[in-house]
Amino acid sequence: MTATSALSLPRTTATAARVLRQLRHDPRTIALMILVPCVMLFLLRHVFDGSARTFDTIGASLLGIFPLITMFLVTSIATLRERTSGTLERLLAMPLGKGDLIAGYALAFGAVAVVQSALATGLAVWLLDLDVIGSPWLLLLVALLDALLGTALGLFVSAFAASEFQAVQFMPAVIFPQLLLCGLFAPRDAMHPVLEAISDVLPMSYAVDAMNEVLHHADLTTAFVRDITVVAACALLVLVLGAATLKRRTH
């Protein structure tokens, strides 16, 4: 029987439930997704223990970047493991379309991302005293969208890797350029014009800009709405591309 093409809510939720059951029996992966961003924020706060203003400046940006990176790593490896083990091919031989599989993974890891983002945001704002002028709920929204973007990117690049090691190797190509050009280390408008132009098309740049809008503005700004719209649209686009490039054969 061939895989169906129409997206089905029952098939999608069944896929998400299967992925969550697998994660429940993998405490190391759960720790990586949920605890590592919190630990990194905690360490960062004490690295800048004598300079609270420095932590306020970069802490909000990293609150979104850490979830993106961890979700990218976990999702790419988990999806690649499904393919190399033959699970993916068996699933797609059933009445399960590529869209169902991708959407199911996105839903499952999105649920984990909610927990991850909530814990990291709560830790940063209420325990580590991150000084934010805007609403912490907006910080949570950006962190969640960043985690979903990391999930989407991980699902997408897994289609081009033949092993878990190769999946990890995509990080320097996909994540590191965004990290360097997102405005975390230097204002984007102070970069070389070519690098600034490249940064304008990278979704992490808009994630950092959105965090900075919350950091410095008490009210919801037009720039913030634009930034989170770009991040959400990029995540959706990458998910669609991930479904289109998903290969049915194992390697």
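How many nonpolar, polar and charged residues are in the lining of the second largest pocket? Keep that one in mind as you go through these close-ups of a predicted model.

**View 1. Here is the second largest pocket, with a volume of about 230 Å³.** Its lining is made up of 13 residues, and Ala106, Ala235, Leu236, Leu239 and Val240 sit closest to the centre. Now for the opening question: the lining has 11 nonpolar residues, 2 polar ones and no charged ones. Helices α5, α6 and α11 each bring at least two residues to this lining, and α11 gives the most, with 6.

View 2. Four helices, α1 (9–24), α2, α3 and α5, each supply at least two of the lining residues. The biggest giver is α3, with 6 residues.

**View 3. Let's zoom in on Thr29, which belongs to helix α2 (residues 27–47).** Is Thr29 buried or exposed? Its relative accessibility is 16%, and the cut-off for buried is under 20%, so Thr29 counts as buried. If you skip the neighbours within four places in sequence, Thr29 is in contact with Leu23 and Val74.

**View 4. Next comes the largest nonpolar core, a set of 49 residues.** Leu41, Ile65, Leu139, Ile175 and Met204 are the ones with the most contacts inside this core. The largest share, 11 residues, comes from α3. Another core lies apart from this one; it has 18 residues, including Val19, Ile34, Val112 and Ala147. In soluble globular proteins, nonpolar side chains tend to be buried together.

**View 5. Meet Met204 and the residues it touches.** Leaving out neighbours within four places in sequence, Met204 is in contact with Ile65, Leu68, Ile175, Gln178, Leu179 and Cys182.

**View 6. Last stop: the largest cavity, with about 30 Å³ of space.** The structure has 1 cavity of 30 Å³ or more. Around the largest cavity you'll find Leu138, Glu213, Val214, His217, Asp219, Leu220, Thr221 and Phe224. That lining splits into 4 nonpolar, 2 polar and 2 charged residues.

Key:
Residues are numbered from 1 along each chain as its sequence is written. This is a predicted model: local features need pLDDT of at least 70, side-chain atom pairs count only at pLDDT 80 or more; totals for chains, interfaces and linings use all residues. Side-chain values use heavy atoms; hydrogens and water are left out. Buried means under 20% relative accessible area, exposed over 50%, partly exposed in between (1.4 Å probe, protein chains only). Contact means heavy atoms within 4.5 Å. A nonpolar core is a set of buried Ala, Val, Leu, Ile, Met, Phe, Trp, Tyr and Cys residues joined through side-chain atoms within 4.5 Å. On a 1 Å grid over the protein atoms alone, a cavity is a set of points where a 1.4 Å probe fits but cannot get out, and a pocket is an open set with protein on both sides within 12 Å along at least five of seven lines; lining residues have an atom within 4 Å of a point. Grid points are joined across faces, edges and corners, and a volume is the space filled by probe spheres set on the points. Ala, Val, Leu, Ile, Met, Phe, Trp, Tyr, Cys and Pro count as nonpolar, Asp, Glu, Lys and Arg as charged, and the others, Gly among them, as polar.
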